[in-house]
Every structure is written in structure tokens, then in C-alpha cells.
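Let's walk through this one together, question by question. Have a look at the fold first, then read on.

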Amino acid sequence: MRKLIFAANWKMHLGPEAAVQFMQVFLQRFKSSADREVWFFPAAVSLKSVADLIRDRAGIRAGAQNVHWEKKGAFTGELSVDMVHEAGGNMALVGHSERRHVFGETDEETAKKVRALLEGRLTPLLCVGETIEQREAGETLSVVERQLGALSGLDSATLARIVIAYEPVWAIGTGKTATPADAAEVHVMIRQWCVDHGVAAGNARVLYGGSVKPGNVQELVSEPEIDGVLVGGASLDPADWTAIAQAGVD
Ligand code: PEP
């Protein structure tokens, strides 16, 4: 059975010291459970501190919020896949809506990042999702399908290594959450896309992200189509994050 994934995207918060303090509280409170993994995406400067603290903790992983597709060179401000690996990270977010909409990242760049991560044997967590205008224009499924194009051309074994997060842009940081049924409709389409590209339905992992909190996480992960959550704001508080990561555990 596939494991639930609870992923924390800290965005531009928690520098090295604050990240260590957070992790010490979290690791003390969190009781591991065989049915789930907890993933952290700290700021780049905090990645090594977090990775060092979880080295021996099964089911807890860390990765980067962004990578460049080139291996090295004159790319001021960027981070290579090898650097993430050396810092102890084994995955990275790709195509987060803030990368797409604030920094103008294109589908082509997203595709190159996915390939660079796979080549470096890191797990890409590809984020897809529509804006409110696209939703209201009835374009949700076509937008998500276009964004999934970042994975086209990959063989089925490689595709099965990728995790996808459906994050409607209008739900990120807004307090508006897609209903489990709304999210499920898009998750079904994403899973079918994976199946059409040779991945067994049970192996495709599709997370939901957008204003997930302790109060709504259980309802979301109870939906069979939702394999876990990607969380921004509520992952910055150790108590809230522990409650989210332990949803459904007695
Ligand atoms: C995110 O940044 O991926 C996210 C889902 O943010 P929030 O939980 O704050 O909506």
C-alpha cells in the first residue's frame, strides 16, 4: 500500500537556527507511523541543518524548494542538484505556483528541472494547479494536463518515481481550500494521466496543497484519491505541523 506523504514547504521562512529549533520540537513530539512519510522543504540555507537532524529517522526526508537544471556554472543565486544532494537533500519541489507566477518559470524550465533531478537520482515533487480565472473559465483540467507535459517522454518506471502535488493557485495561502470532492476530480484526472503513461494506478502518488490546516487535513487525506498534502503556512508552527503530520494517528 502506498504511504501517505505530509510535505512541509517552508518557503522563505526559518533560517538555520530557527529551523533547528523547529525540528527539535517536532522530532520530540512526532510519533512515527508506518503508513506515512514526512517531507521537509526548508530554505536552501537551512537544508543541511534539517537533513543532519533527520539522518537516522526513517520516514522523514528533506529536499530543496527549487533547483537549476545545469550542473554548475555562472548562474548567480541558483542551486544545483548535486549541491542539494551534498547538503543531505534527496528531493526538490518543481513548478511551485510561486515559481511559476512570481518568478515566471515556464513549463519548459519546469521540464528541464524534472529531468535534472531524475538524472541526479533525486525525487521531483511536481506542483500543478490552475488560477481562479482558469477555474472560472472551465480550464482546470486542460491547464493541469498542459503542466503535466513537463513529464512527457519519461518512461513508466521513471514516472513512478515522481510525486505530483495538485495545488490550485487560488487556494494557496488564501484560507480557501478545495473541497475533497473538487480536489478528487483533478486527482482522478492526474492519476489517469499517469495510468495512460504506463504507471499502475496504485503507484501514482498525488498530493493536495492549498490552505491545509490541522482542522481540514483529516477530511482531505480520508479521500482515497488524495495521497497526502503539501502545506505552506501551517507547516511553520511546530504544534500545527505535528498535528497535521499525525492526522488520523491515535
Ligand atoms: C504551498 O505553498 O505549497 C501551500 C500549499 O501553501 P499554503 O498551505 O500556505 O496554502
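Q: How many aromatic pairs does the structure hold?
A: Keep in mind that this is a predicted model, where local features need pLDDT of at least 70 and side-chain atom pairs count only at pLDDT 80 or more, while totals for chains, interfaces and linings use all residues. Residues are numbered from 1 along each chain as its sequence is written, and side-chain values use heavy atoms, with hydrogens and water left out. Rings of Phe, Tyr and Trp (its six-membered ring) pair if their centres lie within 6.5 Å. By that rule, the number of aromatic pairs in the structure is seven.

Q: What kind of pair do phenylalanine 40 and tryptophan 241 make?
A: Planes under 30 degrees apart count as stacked, over 60 as edge-to-face and the rest as tilted. Here the ring centres are 6.2 Å apart and the planes sit at 70 degrees, so phenylalanine 40 and tryptophan 241 are edge-to-face.

Q: How many residues apart are phenylalanine 40 and tryptophan 241 in the chain?
A: Phenylalanine 40 belongs to strand S2 (residues 36-41) and tryptophan 241 to helix H11. Helices (H or I, at least four residues) and strands (E, at least two) are DSSP runs, numbered from the N terminus. The pair links distant parts of the chain, with a separation of 201 residues.

Q: Are phenylalanine 40 and tryptophan 241 buried or exposed?
A: The cut-offs are under 20% relative accessible area for buried, over 50% for exposed, and partly exposed in between (1.4 Å probe, protein chains only). Phenylalanine 40 and tryptophan 241 both count as buried.

Q: How are helices H1 and H11 oriented to each other?
A: The axes of H1 (residues 16-29) and H11 (residues 238-245) come within 10 Å and cross at roughly 40 degrees. Axes are lines fitted to C-alpha atoms, for helices over the stretch in contact, and angles run from 0 to 180 degrees between N-to-C directions. Under 35 degrees is roughly parallel, over 145 roughly antiparallel, 65 to 115 roughly perpendicular, and the rest oblique. H1 and H11 are therefore oblique.

Q: Which residues of H11 make the contact with H1?
A: Contact means heavy atoms within 4.5 Å. On the H1 side you'll find Phe22, Val25, Phe26 and Arg29. Their partners on H11 are Pro238, Ala239, Trp241, Thr242 and Ala245.

Q: Which residues does asparagine 216 touch?
A: Asparagine 216 is in the loop between strand S7 (205-209) and helix H10 (217-222). Not counting residues up to four places away in sequence, asparagine 216 touches Thr177 and Ser211.
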